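Have a look at the sequence and the 3D view first, then follow each solution step by step.

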Amino acid sequence: MSSKAVITQRHKEMEGKQKNVQAEGRNRRALGDIGNLVKAVDAGKPKNQIKTNRPMTRRLCAQLVAKGLPVLGGKDAKEIQVIDDGVVGRKGAAVLEAAAVQKKDCQKPTVILSCDDEDRPKNSGKQSRPGSLNKKERAFTSILSARSKVACGLINKPQNEIIENIDASDVDDELAAVEYVDDIYKYYKLTEGDGQVHDYMPLQTDINSVMRSILIDWLVEVHRKFELMPESLYLTINIVDRYLSMKIVPRRELQLVGVSSMLIACKYEEIWAPEVNDFIAISDNAYTREQSSVPSDLEMENMVFFLAELGLTHYTTVVTYCPSVIAASAVYAARCTLKKSPSWTDTLKHYTGYSEDQLRDCAKLLVSYHAALSESKLKAVYRKFSRPETGVVALVPPVKVIELP
């Protein structure tokens, strides 16, 4: 009987302890704000105060309790709180309220530790660093978007670089024509396609691109020896390519095309252009003067100049006809005077743009000046073209009638 009474008594004691444990668990209250950051603590705090931001585990909690360190546990055993006054509270709301009052009076932050990753914010995949809550960082996507807007010109970039006016030093130079420079370059850009050549080598039967390169290399040497302007070389090469794109040239005449192109280019760019004899010599006399330049009819040439200058001397001619008509009419009247047949050709019509009917009136006027020259008091043109170097064309009898076509 005594043993049964002892067992019954022990059983009641154990049941009482279990009820006390359950009551103790019901009296615990969860903390309202759970984090995992430890803020700085003043140096004057007790030495046994915990200064850490490491996550708390169940084992660490047990070690702190065993050492008698001040920890405050909530309803959940995963949450513990270190308070400043060193009081350990595990039961009842009184300890929690005392800790809250002391926190409010001292205005010092409590250190909140999280024992498990379950209490961390769900939108964060890693532990926060001290001081990172107040730091605002731009997302990687926003950085890429901003850079894309700048690249597309949606955001105006600050113009730190100022465009320099390279013609400012030539403003006072009338020969530089600074006010027309921009318009000139715009015109060149609009018309540069007219002189650009395309692949023409398949049309050539006797030359190839290697031969052309050898020719250009030789022309560079000629350009250097003659001490010509850089523009002369560039125009020479352009003329060579444009000619080869339209005419089939045999291999033996390729160098002739090169020197002829440089002769034409020099007449555009150089003040003192090399003569035909200079190009014949530089090509080692491989070509004759007649091959390098088309021989002209000197008598015909002097007669044209003579009639044109007679017309320019008289005011009526200048105010009645434009310069191109006067020039073409002088050619027509000179051919009639020298009995050239036919008086006007399709080639002349093509290059002057005028037909024989359009030139007849002006040509008759020029011929009348020639006929009245012996009685005129203006003798300068007559004396000029009566000299041997001008072919003495002033002494040629004038044509009486301009023949009809």
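A residue is called buried under 20% relative accessible area, exposed over 50%, and partly exposed in between (1.4 Å probe, protein chains only). You are looking at a predicted model, where local features need pLDDT of at least 70, side-chain atom pairs count only at pLDDT 80 or more, and totals for chains, interfaces and linings use all residues. Residues are numbered from 1 along each chain as its sequence is written, and side-chain values use heavy atoms, with hydrogens and water left out.

**Exercise 1.** Decide whether Glu174 is buried or exposed.

*Solution.* Start with the place: Glu174 lies in the loop between α4 (140-151) and α5 (181-191). (Helices, H or I, have at least four residues and strands, E, at least two; both are DSSP runs, numbered from the N terminus.) Next, take the value: Glu174 is exposed because its relative accessibility is 76%.

**Exercise 2.** Describe the protein chain as a whole.

*Solution.* Count the elements: the chain has 16 helices and three strands. Then turn to burial: 29% of its 405 residues count as buried. Finally, consider contacts between residues at least 6 apart in sequence: 65% of them join residues at least 24 apart.

Methods:
Contact = heavy atoms within 4.5 Å.
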